[in-house]
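Me: I have a structure open and would like to go through it with you, a piece at a time. Could you start with the terms we will need for the strands?

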Amino acid sequence: MAQALGTLQEGSRESFLKSAVDERHDLAVPETAWRIVDCCLADGIPRPLKHAELQNALWQNIADGLSRQGELRSGILLDDGLAVIVPGGSDRPTRLIVLRDSALFDAVGKLASDEPLFASERRLLKQLICGFNLAAAAALDGVSHETKRSQFKSLARKLGGGSQAEIASRALSRVFLEIASVSRPGVPHDDYFDDLLREFAPGARTLRLRCRSGKSHRFVDVGPVDGRPAVMLHPMILPDLREGDIEALKTLSTRLIIPLRHGAMSRETAALNVSAHLDHACEGIDLARKHFCGDLVDIMACISGTAYGLEYARRHPDRVSSLALVGATVKPTTSRTTAGRLRSGLFTVSMHQWHLYSRLMDFYGRRIRRPETLKHLLLSVYRPNMADLAIIDAEYGVPFGGERMRKFFASSVQSIKHDFYHQALPDWSGFPVPGCRAVFLHGAQDFIHSVTEIRKLAQSLGGVPVLSLPNAGQLLYHSHFEPTIRLYRGFLDCRSSES
């Protein structure tokens, strides 16, 4: 496999796999000659990352093939084709490259002499690609070792000679080159979020899904793949998810699918207006629902993510099972004494003059690329609150020394300007949605969107429950992440028992 992928141009392996995943993502199309599927290995068995694909005919075929061959090798023999495995790592999931016989042998035909391959030779070639040696292939087919040796000699002669491994690698290389040649050239892929997560959150997985309109959406996936899925709508920047947080998700058997909004963790500079940005966010939520959750989705909307959870619930009330509002934004404090001069000024401008506000955010986006400038701004915003200052101190401590926060902020300005806008002008119309259970999870020390205002809002909405974290402010991660997830998981379990 490594040799075969090595035939692609230097540095293009990951781009090829990402492009192929984006291009051929619809497993419901049976005539697709090849496809690349993100998965994980659980007890040596490939499982799809997208829960909705478990019942797909492809995965039934994979399970049947694995059962017949008895053990997982470098690939799995299928009735029509094979599936070869590209091992994953800390920064990417394992991938299956699924090839129908037509794709494999059309490509291999360009290596062969004028003589066609017999059915027995085709079968042997598939076995070699999937990691069988001649003895194992003979045992699987119930024939003698000598029969397989004779078939291999004929196969090697037709494909130009070489060892068993060389024949398999040459055939697979030809297939990969064919796939690369038909993948759409020039399609840009915003891979910067991959780089950021590889550097600062190696326990997270990154994914891309393409919607019907052709737009590509990016996702962060954390927690066990067989855990209960929920869609988490991130705050202005993705929380600092460290090893202990990933372990907490495993303990609580909870999986968070995080759709990234336009301009978040991105080098994309194109600006969207408020309406288009909401459209993009809701589209990403619905893709996550459809691929990972099924008919109904549990949403965990964090701080500025509140606006997008509410909007999605208004647009699609029949698709939301529950909505947890974590650090929800309501009636923000604009007093310079408590909110800080910068934050209070931005709140005020965003409420009345979007174009001026947008230009101000672009200006500050350029300034915060300087490490000390961002730290000074953060301290000025959160100075009144000791709970949030402790989170800032942790960000500027080991192991990242503030670089994570600086890079995440600097690469998310086009998203952050919308998040700040929605914090200033929260829209609670149409909430709560009939049939959708809701809860507020809020830091008792939040001085910007105070828990007192949250309780008033909850009461006006018909008595939505409010669960508070006594030692937390607005920033609900680091020491507050596990308690928040425990409260959230308790809410989900309670909702399940009631239903």
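Reply: Two strands pair if DSSP finds at least two bridges between them. Helices (H or I, at least four residues) and strands (E, at least two) are DSSP runs, numbered from the N terminus. This is a predicted model, in which local features need pLDDT of at least 70 and side-chain atom pairs count only at pLDDT 80 or more, while totals for chains, interfaces and linings use all residues. Residues are numbered from 1 along each chain as its sequence is written, and side-chain values use heavy atoms, with hydrogens and water left out.

Me: OK, which residue is the bridge partner of Val222 in E9?

Reply: Val222 has Leu256 as its bridge partner in E9, and Ala230 is also bridged to Leu256. Strand E7 (residues 216-222) pairs with E9 in the antiparallel sense over four bridges, whereas strand E8 (residues 228-233) runs parallel to E9 and is joined to it by four bridges. From E8 the chain passes through helix H10 (residues 243-251) to reach E9, and this β-α-β crossover is right-handed, meaning that with the strands pointing away from the viewer the path from the first strand over the helix to the second runs clockwise.

Me: And is E9 itself buried or exposed?

Reply: Six of the six residues of strand E9 (residues 254-259) are buried, so the strand is largely enclosed by the rest of the structure. Buried means under 20% relative accessible area, exposed over 50%, and partly exposed in between, with a 1.4 Å probe and protein chains only. In a regular strand the side chains alternate between the two faces of the sheet. In E9 both faces are covered, with Thr254, Leu256 and Ile258 buried on one side and Arg255, Ile257 and Pro259 buried on the other.

Me: Switching to aromatics, how many pairs are there?

Reply: The structure holds six aromatic pairs, where rings of Phe, Tyr and Trp (its six-membered ring) pair if their centres lie within 6.5 Å, and planes under 30 degrees apart count as stacked, over 60 as edge-to-face and the rest as tilted. The ring centres of Trp428 and Phe431 are 5.7 Å apart and the planes stand at 65 degrees, so this pair is edge-to-face. Both Trp428 and Phe431 are buried. Elsewhere, Phe200, Phe400 and Phe408 form one aromatic cluster.

Me: What lies over the face of Phe408?

Reply: Arg404 does, at 4.7 Å from the ring centre; a charge sits over a ring if NZ of Lys or CZ of Arg is within 6 Å of the ring centre and within 35 degrees of the ring normal. The charged end of Arg122 sits over the ring of Phe105, 4.5 Å from its centre.

Me: Which peptide bond at Phe431 is cis?

Reply: The bond joining Phe431 and Pro432 is cis, with omega about 0 degrees, and Pro432 is placed in the loop between helix H19 (413-424) and strand E12 (437-443). The bond from Val398 to Pro399 is cis too, with omega near 0 degrees.
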